[in-house]
Amino acid sequence: MSVSAKDLLEELRRLANRMADGTATSDDAARLSALLRERPELRDVYLDFVDTHAALCWEFRNQDHSLDMPRTGAVIVDSPRSPWASNWLPWAVAFVAAIVAVVTLLRPGALPDHEMALEVANDKPAARESISGEGFGQLARTSAVRWRDAALQIGDRLKAGRVKLAEGTAEFDFDNGVRMVLTGPAEIELRDAMHAWLHSGRVVFRVPPPATGFSLETKEAEIIDLGTVFGVEAGSQGGCLMQVYEGEVLASAKGEALEASPRRVLQGEAVRVNGGVHTTDFWPERFVRLLPGPDNPAGRGAYPYNVSQFDAVQIVPAPANITVDGDLSDWNLSGRFRTSCEPPYGENYHLEAAMMYDERQLYIGAHVGDPYPLRSQIRPTEPAARHGAGGAVALRISTDRQAGWPLTAVGDGERNGRPASPADLSDKLSFVVLWFCEPEQKACIHLRHGMDLHGVQVNPTGYQGVYRKDADGRGYTLEYTIPWQLLNAADDPPRAGDELAAMWLVHWSDPAGRNWQGQLIDVMKPNEPGWNFLRAATWGKAIYVGNP
Amino acid sequence: MDASQHQQFAERVVRNQQRVFRYIVSLVPNRADADELFQQTCLTLWENWERYDLSLDFVPWACGFAHNHVRNFYRKRENSQVQLEADVIEMLAIRSSERRQHEDDKLAALRVCLGELTERNRSVVESYYSGMTVGQLAEQRSSSANAIYKLLDRLREALHDCIALRLAGGAAS
């Protein structure tokens, strides 16, 4: 290579780096344009180099939830659920002026005195004193909490000041209808019923219309509610993370030029605020909203809202002539187990499950405690990753008699670049999602296989499923039969004495039947680290019991 | 398009989304802007899924939508952002959509190459590409922003060379 060519390549890399860093000047851009225009051979070199930057962007794009499945993220898969998608952009652009006006008005001291929202939201000391003196809410519920400094008790009145939660989840009800769910470790400063400052940790606010205008600040962000449910995480690397479950909020980055901020963030969107407001992936499970328990944004499903109670499930022989009708009275229920979410939710969110088998098929029966039963609006035509979002029961089942238990298969995120092994891609490891599609009044099923979840089948021929809602509307019973063929085990189905792998999951939804609200996972291998989507070693044992 | 075709479409989206994302970054290297455009493209894809012919190659079809978003993006920011000149962006767009080599292998090679960095350097790369600003990195490491920029540039080049070496070796074997 000639010296001049080498110099040229070095210059190209320098300019490409500046483009990637965002430090390029107008002169840099002009020079790079000239190089690429005049020297076609450099275009591939430039694109190659920028593609390394692109690959890095992609690789760490989902870093906050690097255990999520699939590795490629689910922005696309989640998109169809957003009814605003078709007109969001022009709508947002059209409302920029209005947004700026609203935020300007909502800034402390900017609203006229006769506005109710202002009287509570502004920072006038007199207003705050009045509220803090009387208290403006109370501690409603807790789960596994440990407080720092002052310990709070259920029913304690909430006054202006700092709440420090070392661990667990605490739910506060404000007198104006605002509900706050704080997940420790967290520290939040409550200024009054309409204004809070999150120093660290995670919090979810549910703000009813009368309290619209509620504002939350962090070191990096100002967030103003416009009638919504939103979650915020502060104090971690990379700035403040905020996502909107319902309604909309305005988010602005502190120190950012006014014309670039605030940004309207809508239901189903998440942003990271760090010098600017940047879109990031929305994950429903990122925050604890209704159900208590340890949660972790780094691992979707890694920390369910229950503590697994069972490490094995007994799959018993099916009696002859089972009728699939949503009534399990003709079942052999000797292998059933019951598990529930953490108190105080266990009363309403629970699972009683049973499994049977014969030479033709697997039988799955369950009664699920669910305050909003059989409301899923998710149609089978929606992307597979959405199928459980409106409420569902899911199972992981191995029919691999050679692999036995525990399994060693891992997903892409656990392989550190190593190629997948045949065990990782085994057709005999199945992910089964069962849900009742309310609009179609249909018992649905989808099956995927291997740790890469390949071979999606939705409502394939051969399965049977029936749902029956409880008379009191507080739960439902499901009954399914799944031929071994659909589990890729027709050639060698499980038989008495086998110890294979299985796991049960329940997903609960919101009243609208579209958004994930909480989950339960049971039948897990004790003390096995990792997430069931990535490490099959976490799956519990499925013991195929023989006839006595 | 029936349910099964919709399913196939969904699978193609999931399988190819990183290609679409990388196509966007090749034209809009700024991470936040590229993210935004990617999300817009995804929404457009889902809005148009019924128009997709399953017999067609998905990536060029999807990149066509991405290209439109990129074009609109630059048009709107013509006077407010440092950017390549319009004709050059079009040249790159054409060339980028023609190039499909090593797309999957590159990510695998990148992961291996990241593993060859020292822990400290890998942490810098990871923090930066996970959303940390150069200013925050500088503060965290008691360094200057300029030094962090230089370090990132060097690491990006080292990773690029490492990937190229691995892909060349893979092709030869």
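**Entry 1: D370(A)**

I began with the contacts of D370(A) and, leaving out residues up to four places away in sequence, I found that this residue touches N348(A), G473(A), R474(A), G475(A), Y476(A) and W508(A), where contact means heavy atoms within 4.5 Å. I note at once that this is a predicted model, in which local features need pLDDT of at least 70, side-chain atom pairs count only at pLDDT 80 or more, and totals for chains, interfaces and linings use all residues. Residues are numbered from 1 along each chain as its sequence is written, chains are lettered from A and ligands numbered from 1 in the order in which they are written, and side-chain values use heavy atoms, with hydrogens and water left out.

I placed D370(A) in the loop between β15 (361-369) and β16 (392-398) of chain A; strands (E, at least two residues) and helices (H or I, at least four) are DSSP runs, numbered from the N terminus. D370(A) has a relative accessible area of 4% and is therefore buried (buried is under 20% relative accessible area, exposed over 50%, partly exposed in between, with a 1.4 Å probe and protein chains only). I also looked up D470(A), which is 100 residues away from D370(A) in sequence and 9.6 Å away in space, C-alpha to C-alpha.

**Entry 2: α3(A) against α4(B)**

I then turned to helix α3 (residues 41-59) of chain A and helix α4 (residues 86-98) of chain B, which pack at an angle of about 70° with their axes 10 Å apart. The axes are lines fitted to C-alpha atoms, for helices over the stretch in contact, and the angles run from 0 to 180 degrees between N-to-C directions. I therefore recorded α3(A) and α4(B) as roughly perpendicular to each other (65 to 115 degrees; under 35 is roughly parallel, over 145 roughly antiparallel and the rest oblique). R43(A), D44(A), Y46(A) and L47(A) of α3(A) make the contact with M91(B), L92(B), R95(B) and S96(B) of α4(B).

**Entry 3: cysteines of chain B**

I counted one disulfide over all chains, taking a disulfide as a pair of cysteine sulfur atoms within 2.5 Å. It joins C113(B) to C162(B), S to S 2.0 Å, and I noted it as left-handed because the torsion about the S-S bond is about -85°. C113(B) lies in helix α5 (residues 103-116) and C162(B) in helix α8 (residues 145-172) of chain B, so the pair ties together parts that are 49 residues apart in sequence. C113(B) is buried at 2% relative accessibility, and C162(B) is buried at 15%.
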